[in-house]
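Here is a short note on helix packing and the nonpolar core. Please read it with the model open.

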Amino acid sequence: MINLQEKLNIDQELVDRARQASQDIADGVQVHIDENTTTSVERTVARLFGIDGIDDEEIPLPNVVVDQVFKSDELDKGIAYWIGNAVLETGESPQKIAEKVAEGNLNLTELKEHELAEVKDAIEDLAKKGVESIADNRRKRDELQEETPTGPKPWLYVIVATGNIYEDLKQAKAAAREGADIVAVIRSTAQSLLDYVPYGATTEGFGGTYATQENFRIMREGLDEVGKEEGRYIQLVNYCSGLCMPEIAAMGAFERLDMMLNDSMYGILFRDINMKRTFIDQYFSRMINAYAGVIINTGEDNYLTTADAVEEAHTVLASQFINEELGLRSGLKPEQLGLGHAFEMDPSIEDGFLMEVAQAQMIRQIFPDAPLKYMPPTKYMSGDIFKGHVMDGMFNLASIMTGQGIQLLGMLTEAIHTPFIQDRALAIENAQYVFNNARHLGDEIMFKPDGKIQARADKVLRETTEMLEEIADEGLMQALEDGMFADISRPQTGGKGADGVVKKGENYYNPFLDLFREGLDI
């Protein structure tokens, strides 16, 4: 942990005010979360009971089961009630029940209804079985990391994005052998807008590869093989966001993914997904990630692709405070909060590097236990690969100076094409060179009390606190409608997936909420 008094002089009173405002903001959001569920949360419950596969029209069985109940206006009881009721009536497993629903031989809402207490008794052990399989994977990860530890931080993070899981696997293995600590499989373009999760291994994604449970399994198995060869545990990342956020969290937990991109507001701002649905989905998805021991990555770095890094830096820090508070309420520990930010200063600005160091150092000190996710320059990459490589080197220097945790490597061919294997190799070599030569630079330097770096940090923290207190007064949903983040405005009642929000009934039942809370002590 960094000694706060030896680096920037952070005004603790402002930090305390910012955290108090974030708690007030989260209180308002939590009321909405507790009162409602969503079709995607209920599909996740079905998956946690072991329901998987597709019907004759290739519709995932969790969708088939939940849609049947949803269309009957009975989802307010929770899909767990209807699955448990069917178990009592038929004596079949949840998977067999789902298959009969898909065949048209069973309507869950037409069966004799049993008392909730009876239903709970019937499926409590099945729910515990699903949770225990996730716990087993967490223990397996711990064992593997004990045998073959992860590399030193900042972890080197690279992406693969061919669209074909088998080609992705080849590139992922090559990157790991070159020195990558983390491999992220970029999702196929617009998968976040699909209200279902594709099934099986896929080979035809566009701009990335579909996130499916089978694809997770294939990549996890392959990276485990390389990890044993290299004597270093290779971490696997995917995207737990969009309309199927909690479902993907569950699938990742079943297949032992290590990190998930899982932001509380990214889908609202950058994919126009309904905010009321997103806040509910992110809560349950983060609860699953917390229980699975997954590190989440938040998306504040994206704000600076649409807003100016000099003028809007405080919005990044404000969002980090909010993501922290919402994450902690879901059971995530500080060491699971990969809060995001980005090296997106206009390179033509005088002393832009100093302002960047101020931001990175301030965030490091405010969130001392978080494995911060630092994103490379993209907005001002021009296609000049030589200049781009230097910019990436400066980014790497800022990271090692300020003790970042997760380093998404910059590519010299950014803005030209999807990176080749050799582009990734150069990115890894760039980071390794800078990290090795400046490994303890941060321990050797101090900042002038009246210098530009300190002044920049003071300004951003003050603006952040004022912004959070304003949001606490008006509510986060109104702030999003007002366009306070990323210069993007979203209506509270608009966006994709709004019809998937369901108000919970008096006897709503989701056994996994209690099981996860009990396991996470929240």
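1. Start with helix α6 (residues 116-147) and helix α20 (residues 511-520): their axes come within 10 Å and cross at roughly 45 degrees. Axes are lines fitted to C-alpha atoms over the stretch in contact, with angles from 0 to 180 degrees between N-to-C directions. Helices are DSSP runs (H or I, at least four residues), numbered from the N terminus. α6 and α20 are therefore oblique to each other (under 35 degrees is roughly parallel, over 145 roughly antiparallel, 65 to 115 roughly perpendicular, the rest oblique).

2. Ala127, Lys128, Val131 and Ile134 of α6 make the contact with Pro511, Phe512, Leu515 and Phe516 of α20. Contact means heavy atoms within 4.5 Å.

3. This is a predicted model: local features need pLDDT of at least 70, side-chain atom pairs count only at pLDDT 80 or more, and totals for chains, interfaces and linings use all residues. Residues are numbered from 1 along each chain as its sequence is written, and side-chain values use heavy atoms, without hydrogens and water.

4. Phe512 also touches residues beyond four places in sequence, including Val45, Leu48, Phe49 and Phe284. Phe512, Phe516 and Phe284 are among the residues with the most contacts inside the largest nonpolar core, which has 150 residues. Such a core is a set of buried Ala, Val, Leu, Ile, Met, Phe, Trp, Tyr and Cys residues joined through side-chain atoms within 4.5 Å; buried means under 20% relative accessible area with a 1.4 Å probe, protein chains only.

5. Helix α13 (residues 313-329) and helix α14 (residues 352-366) have axes that come within 12 Å and cross at roughly 15 degrees. They are therefore roughly parallel to each other.

Notes:
Helices (H or I, at least four residues) and strands (E, at least two) are DSSP runs, numbered from the N terminus. Buried means under 20% relative accessible area, exposed over 50%, partly exposed in between (1.4 Å probe, protein chains only).
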